[in-house]
Every structure is written in C-alpha cells, then in structure tokens.
Amino acid sequence: MMQMKLLVSTFMVTVLSSLAFTIVPGIRITREIKKSIRDFQKQRSSLLTIYSSSQLERSPAFDQREEGGAGGPNIVLVAGFESFNKELYVKAAKALENVHLTVFADNEIRISSTETNPVFADAVKGADIFVGSLIFDYDDVMAVEALLPNVKGPRLLFECSTELMAYNEVGTFTMKKSSSGEQAGPPPAVKAILSQFTSGKEEDRVAGYVKLLKYGPDLLKFVPGEKASDLKIWLEAYRYWNQGGSTNVKYMIDLLQKSYTNEDISHLPKVVVTPDIGLLHPLKDRYFTTPKEFVEWRYSDDCFESALLKGFALAPKDAPRVAILLYRKHVITDQPYILDLIALMEQNGVCPVPIFINGVEGHTIVRDLLTSEHEIKGVDDGFIVRDDSFQSSKAVSVDAIVNTIGFPLVGGPAGSMEAGRNVAVAEKLLREMDVPYIVASPLLLQSINQWKQNGVLGLQSVVLYSLPELDGAIDTVVLGGLVGDKIVLVNERVRKLVSRIKGWVELRRTPRKDKKISIMLYGFPPNVGAVGTAALLDVPKSLENILNQMHKDGYDVGDFATNPDACGERYVP
C-alpha cells in the first residue's frame, strides 16, 4: 500500500508549541490585565458585527499567478487550501498605494512532484515579505520550506504544517527553536496572559486559541518590550486574515507594508468582526447566534411567508432535521456553494441547521449545542451524563449530523497532526448522540474534471475518507469540486446526499421488528462446499449467537426464535 504523505497542522502547533500556553512560575497577572480579559469576554457577543464581502468575479486562468498594487515592499502570498480567495487578495492590494503583491495558489508551487515552479521560486527569492496560508501537502511544504530562508523580511505562516509554522518570524519574534533546542516564543509575561484563554480540557485547547487570536493583540498593550510588539504584529495580521473579507485583507496587507517600512502602526483600523460561530439561511439577511434561535425562526410563520413570497421551496415541518457543519471562511467570503447547498437540501426534503465554525471547534458544537432523542432519553433515564458545558437554552435536537469541512471532528485540521489522538472524545460524543454522522464536502484540492477522470486522490482522500472514518463517520459524499478557483456544487451529488440522509434517518425510525437485515457468509470458491468456512472459526455457532442476540433485541428472525431444533448449522449448506 502506498504510504500517504501528510503534513497537517494549525493553531494547536502554532500556539501550543511556539507560544507555550502555560502559566509561567513567578509571573503575576496584574489586576488591570485580569479586568481586561473579563471585559473582552463580556463584550464578545457585542462584537458580532455582520460583514459580507462583495461577490467575487470568476478569476483568470488557474495556472497563472496574479499581481496587485505597485511599488513598495514585494509581498508574496500563497493561498493554499483557500485558492478560491486569490482574487480577493489581489483586489485588496490594488486598493492600496505602494504595495506590490504576488499571489500563488497551492497548485502553482510545483510543476511536478519533485520540481518547483521556477516562477514561484524566483518570486519567493525576491520577496521582502512572505505570507502563506493553509499549506498542507507534503511536496508543497518541502518546496516552500526550501525557499523561505531567502525571504528578506517578515515571514507569516497561518495554519500551515508544523515544518512551515516554525518559519514564522517578525522582527525579534520567531517560532524557530534555539540552538539549545528550546522552543522560541513570547516573553514570560506574554505567556502568562495567553494562558488565560485555555480550558482544562485538552480537546478544547484549539478552540480556546481562536479566542486568543481574536483578543490577544489588545491585551499585549500591557506588556512592554520589542518582542511583545513584534508578536502583536503577527497576531494582528493573523486576526485580519482569520476574520476574512476584502476590508480585513486590505488592512492586513497595509499593516505588513507599514511595519516593513517602519511607519506608525499604533492606531490600526479595527477588525471587521464576524461571529466565530453562527447560523445562516438564504431567506435571512443576518446571522443567527444559536441553533435554538435559528430553529425557532425556521419553523415560524415569518419564515414560511418569506419563502412563499420569494418562491423558495422549504422542506416540510416533519422533514428530518440535520445539523450541517460549515467552514466559516467559506461563509464570510460569500462562497456561493454555501447558500446553494442549503437551498438544495430544503428543496429535496431535509431541514438543514447550517452552523459555520472555524473548523477546530466541531466537537464543541456537537457537545454543547446539539442533542438528540436518544441523548435526551438517556439523560432522563440516568445512563447519560451531559458535560457541564451543555447549553440547554441554546441547543436543539437533530436527526443527523453532516460535516462539510472534513478532517477529524475533534480539532478539525489541528486534530490531524496525530490521527486518532482524540478518537475517544469523538466516540463518546457520537455514541451519546446516536445519530448518523456523515462527511460530505466539495473537493478543495481537485478540480471537478480531475475528480471525474481519476477519482478522489492523495491528500484529498485523507481529509475526506481516512480521518473522518477514525471518528466514526458512516458515510461520505463528494458534493462537487473546483472550477478554476471557484468551488462549485454538482446538484446530483447534493440530491444523493439528501437521499442517503433520508435513508439513514428512516432506518433509525423503523421499528426493529420491521427492519430487513442480510447476513453475508464467505463462500469461495463456489460450489465446493466452502460456504461459511473460516480458518479456526466456528461460523455456524457464531451465526447462531448473532441470531439469538438479534431476537433478544427485538428483531424478527423468523422461526429461528421458536424452533427448538434451530441452530447455526441449519443455515450453512
């Protein structure tokens, strides 16, 4: 079997290893800092400024780099797993003066598995500033890593592989290990501040880091020193990038340009904030903050009247209710496939509860904001104990969960660094929910034509099949892929997904006595008495045990349950 080369990392490696999220002995958190942290936490809900970036036009040829702006520092940006945002970056740079930005997609890094694209190599070697985002593929990582030492100035790597994250460097702030092997990072006082954003649960660390990256730069104003100032530049740039949209991207590029030329950056424009988590629907021009709020609206007269007015087909009220986990960056950059997916699911008879997340907090949504008939009954009967973080006033019951992001349920892209590490957490969540968990996603690393010709390949198959299977995903459906730089759905695939969801939910609702089950026995080679044979195994007795257990569990096993002479041998010719 071919060995799959996979390098995936994100916030966890960035912050856990490099920013060393531990309280440092001897460092005292001042009253001012504690008060500021509390204030930020209280203000979090008021920061949910809704922002919608302009609709992107179709980008030029997929194999061409794009440039924006002129003069000033030479910035090279690689849009890895987000090649659909290439044009967004170019447009933002063109809106600024004295900026020269060259943007590459991940498929433009190499011209073969072993040879780097010479145009890309020359651009990086001449770069004053390098920005890379979501670069995972092994060969891409190796090619980029070999070129990064040539960059003259700051290097900012966002949510890339571990190897590339180590090259983050802004002034005196670096994530490289020292010659003694000690991990670089912020000064002790900064580490003490950062530690306030973590929780006691390991699986919640990465989700906690999202809070840090949102509020951290503001708290660093309490810490003197050049290193803290340089770290703030990195965090501010990351925050602009993470929030996304044309305005924030423009602010990020402007910050990098001004910091490189030593201009005043003491009064930076405020980040245009969108919720870290929210819900949306084509019939509503705002985000919902909780599943409960969304569902109350979705089943309201207001929703049905709006649908009637706009000719929008809604699923009936008794349709299966399905939680859909969406990638937040796709939502805030107005990727058309998001609303298309919701509309198609409604049209085909499934009621979606579309929740967008950063990708790292999928398990917290399932644990804290979703429930099911099985879990509710288990809690009432006392054999399930919910986590203290469950928010009953915000949660809703669902019949199935569909993850359109791929990657593990716990940690998202960050959870991929150690496949299987948090399987026990995911297993507990899904076992207690006891609803179908399906992974369905458009291909973000392959074009639709490549998919049709060759199937799902390489890293894409790991993201879509291998990692989710460790969590317990029972089904996977490809929903579409790339056309140029745009994500496009294939309608037939969405209909297939809906059909599978309906089938799984209907099967769950069917009484056990009415379910039809097939048991397949080994029988090769045929016609030589090999049916039910297996080395060192008693197949007839095993079959007998299975049928007895099914009878106890309420399945109809025919006369096996009443015939005193029934045995496994009877069913094996």
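Which residues are linked with Arg-110 in a network of salt bridges? The network joins Arg-110 to Asp-137 and Asp-140. A salt bridge is here a side-chain nitrogen of Lys or Arg within 4 Å of a carboxyl oxygen of Asp or Glu. Across the whole structure, the search returns 20 salt bridges.

The structure is a predicted model, in which local features need pLDDT of at least 70 and side-chain atom pairs count only at pLDDT 80 or more, while totals for chains, interfaces and linings use all residues. Residues are numbered from 1 along each chain as its sequence is written, and side-chain values use heavy atoms, with hydrogens and water left out.

Accessibility is given in three classes: buried means under 20% relative accessible area, exposed means over 50%, and partly exposed lies in between (1.4 Å probe, protein chains only). Helices (H or I, at least four residues) and strands (E, at least two) are DSSP runs, numbered from the N terminus.

Asp-475 and Arg-500 form a salt bridge with an N to O distance of 2.5 Å. This pair links distant parts of the chain, since Asp-475 belongs to strand β15 (residues 475-483) and Arg-500 to helix α20 (residues 491-509), 25 residues apart. Asp-475 is buried, at 9% relative accessibility, whereas Arg-500 is partly exposed, at 28%.

A salt bridge within one helix is formed by Glu-432 and Lys-428, whose side chains meet at 3.0 Å, N to O. Both residues lie in helix α17 (residues 423-433); because they are four residues apart there, about one helical turn separates them. Glu-432 counts as buried, with a relative accessibility of 12%, while Lys-428 has a relative accessible area of 38% and is partly exposed.

Arg-286 and Glu-293 also meet through their side chains in a salt bridge, at 3.0 Å from N to O. In this pair Arg-286 is partly exposed, at 32% relative accessibility, and Glu-293 is partly exposed as well, at 24%.

The cysteines were examined for disulfides. A disulfide is a covalent bond between the sulfur atoms of two cysteines. The criterion applied is a pair of cysteine sulfur atoms within 2.5 Å, and by this rule the count is zero. For Cys-351, the closest cysteine sulfur is that of Cys-303, at 8.2 Å, which is too far for a bond. Cys-351 is buried, at 1% relative accessibility. Cys-160 is likewise buried, with a relative accessibility of 0%.
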